[in-house]
Amino acid sequence: MTGLVVALSFIAVLALVLILGDLVLKGASSIDWAFFTRSPVPAGQTGGGVANAIVGTGIVVGLAALIGVPIGVGAGMYLAEYGSGKLGFIVRFIADVLNGTPSIVIGIVAWTFIVRPTHRFSALAGSVALAILMIPMLARTTEEMVRLVPHSLREAALALGYPRWRTSLKVVARTALTGIVTGCLVGIARVAGETAPLLFTALGNLNFSLSVTQPMQTLSLQIYVYATGPFEEWHRLAWASALVLMGLVLMISLTARWVTRQRYGSGS
Amino acid sequence: MVAAANTRLRLEASHLTAMFGQHRAVRDVSLLFPANTVTAIIGPSGCGKSTLLRCLNRMHELTPSASVQGEVLLDDVNIYGDEVSPIELRRRIGMVFQRPTPFPTMSIYDNVAAGLRVNGRRFRAEMDDAVARALQQAALWDEVRDRLHASALALSGGQQQRLCIARAVAPQPEILLLDEPTASLDPAGTQRIEELCHALKRLYTIVIVTHNMQQAARVSDYTAFMYLGSLIEVGRTDEIFTKPKVEQTEAYITGRFG
C-alpha cells in the first residue's frame, strides 16, 4: 500500500520535473539580456526579446489583483463573518459556480461588457477578466482562513467592548492575515498563466505599450502566438517565454510558502 | 474616589431566565453580587453557571437563538433596557475565559492596550502607565517588563491567562467576570490566579464560575450553588461549605453527586 502511494506521488512529481526540465533544455539557451530588455523584431528576423510581454504581464496581472483582491477578500470576510443566512448561501453558491466556469467563458463576458461597448481591445479588459477569475477563488480561501480563527478570540474581543466590525477587522482578519495573503498570492499565480480570457480582451501587442486602454502583450499570449507561428525563431522565443512565465509563477508560489512559514515560525 | 464609587455599585440578577432556543439554561435566577466581594458560582457541568455569567455582560445574546428574560441591574439600571448599548456595557465589565485568549498577532503591550484603544485613549504616556498598572495588577509586570513588545504567544499558559486578566482590567472596569479561569492551568498557575482574586477585589466586584469547590472555598466571600439551571442556595462561603441549608447543596459539596 505504502509502495503504491509512493509510486503515485512520484508520478505526480515526475510531471512537474519533466515539464520544468523540458522548458530549461529548450528555453534556457535563448534567454539572454536582450530577451528581457528588447521588444520583438519583425517576423523572419532573428534577435529581439519579450520585454513588452514581461512588463505587460506585470501590468495586466497587477491591475487584476488590484481589482480582484479587495472584492474577493471582502466577499470572503462577509461569508465567514456574516454569511450564515440565505444571502451567504447564495453568494457561496455563485462563487462555487464561478470557480468552475471555464476561463474562456469569462473572457467572452469581459469582451461582451467591456471590449464591445468601448470598441477596443485593452489591457484593462484583460485585467477585469482575470479579476473575475480570481474573485471566487479568493472569496473561498479567505472564508476558509477566517473560519480557522478560533471563536474564543472573537468572544475575547467582543467582551472587551469591541464593536462587531472592529472585531472582524482588528482581531479576526489580522489573525487570519497570513493565510489570506497566501491565498491571494496563490490566486495571482494561478491567473498569471491564463491565456484564454486574454485572447479577446488584452489581445496581445507586438510593440512595447504601457497604456491600459490599448491592447497589451502578456507572456501567455506571446507563447500562444509564437508557439503556433511558422518560424523557428518564434518557437525558440516561445520556449524561453514559457520558462520565464513558469519561473514567475514559481516565484509567487514560493513567496506564498514563505509567508505561511513566517506565521508558524512566530507561533512556536 | 474609585473605591467610594465602587461601594455603591450593585450588580443584581432579577428573575433572570436565559434560553437557547426553547431550552431554558438558566431558570428564574435572582442573585445579588455585593460590591468589592468575590462571588463564586458552583455546580455540576451544564448547570447553567457559565450561561448565567455570560448574561451579566450580555455575551449570552451573541449565540444564535439565545434569548434572555428578566433583568440584570447594574447600579439599579437594567442592562437589558433599550437605552443600554451592549458594547458600552462590556467596556464596564471585564471578562476572562476558560482558556487563555491572547490576541496572537499582538504584542504583550498591544494585548493589554487593546481594550484601552477601543475606548479611544490615545496619548502614549497615558497608555504606557495604564498598561504597566494593569500588568502590575495581574502580577505579570515583573515577568514581562523587559519584553513588552514580544509576541503574547511567547508566554506560558499561566502567564497568558494573567495577560488576559491584565487586558480585562486595563480599561478599569467596575466588574470582573471569570469563567473557570484556571481550568487549563497547572497548580502553580491556579494558585497565582487565586491570589489575584484576593488582591483585585479591593478594586473590582468579582464573579467567578468554577467547578472546583476547593477553589470556591478559597477565593470567594459568597457562594451560589446552581443545579439544572436553577439557583439552589446562596450564602456566605463559610456557611455554604460548613452548614448548607439545602440537602442538594450538601450532597454536591460533600461529593455525593456532580
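Chain B of this predicted model contains eleven helices and ten strands. Its radius of gyration is 18 Å, close to the 18 Å that the globule rule gives for 258 residues, so chain B is as compact as a globular protein of that length. If you look along the principal axes, the C-alpha trace of chain B spans about 55 × 45 × 35 Å, and buried residues make up 47% of the 258 residues in the chain. Of the contacts in chain B with a separation of 6 or more, 68% are between residues 24 or more positions apart.

Let me turn to the contact between the two chains, to which chain A gives 16 residues and chain B gives 20 residues. On the side of chain A that touches chain B, α7 (151–159), α8 (164–175) and α12 (232–267) each supply at least two residues, and the largest share, six residues, comes from α7(A). By residue class, that side of chain A divides into eight nonpolar, five polar and three charged residues.

Finally, some backbone angles. Leu203(A), with phi near 70°, sits in the loop between α10 (196–199) and α11 (219–228) of chain A, and Leu203(A) counts as buried because 21 C-beta neighbours lie inside 10 Å, where 20 or more are needed. His15(B), with phi near 45°, lies in strand β1 of chain B, residues 11–20; His15(B) has 11 other C-beta atoms within 10 Å and is therefore exposed, the cut-off being 12 or fewer.

Conventions. Residues numbered from 1 in each chain as written. Chains lettered and ligands numbered in written order. Predicted model: local features only at pLDDT ≥ 70, side-chain atom pairs only at ≥ 80, totals over all residues. Helix = DSSP H or I, 4+ residues; strand = E, 2+ residues; numbered from the N terminus. Rg over C-alpha atoms; globule rule 2.2 N^0.38 Å. Contact = placed C-beta atoms within 7 Å. Nonpolar A, V, L, I, M, F, W, Y, C, P; charged D, E, K, R; others polar.
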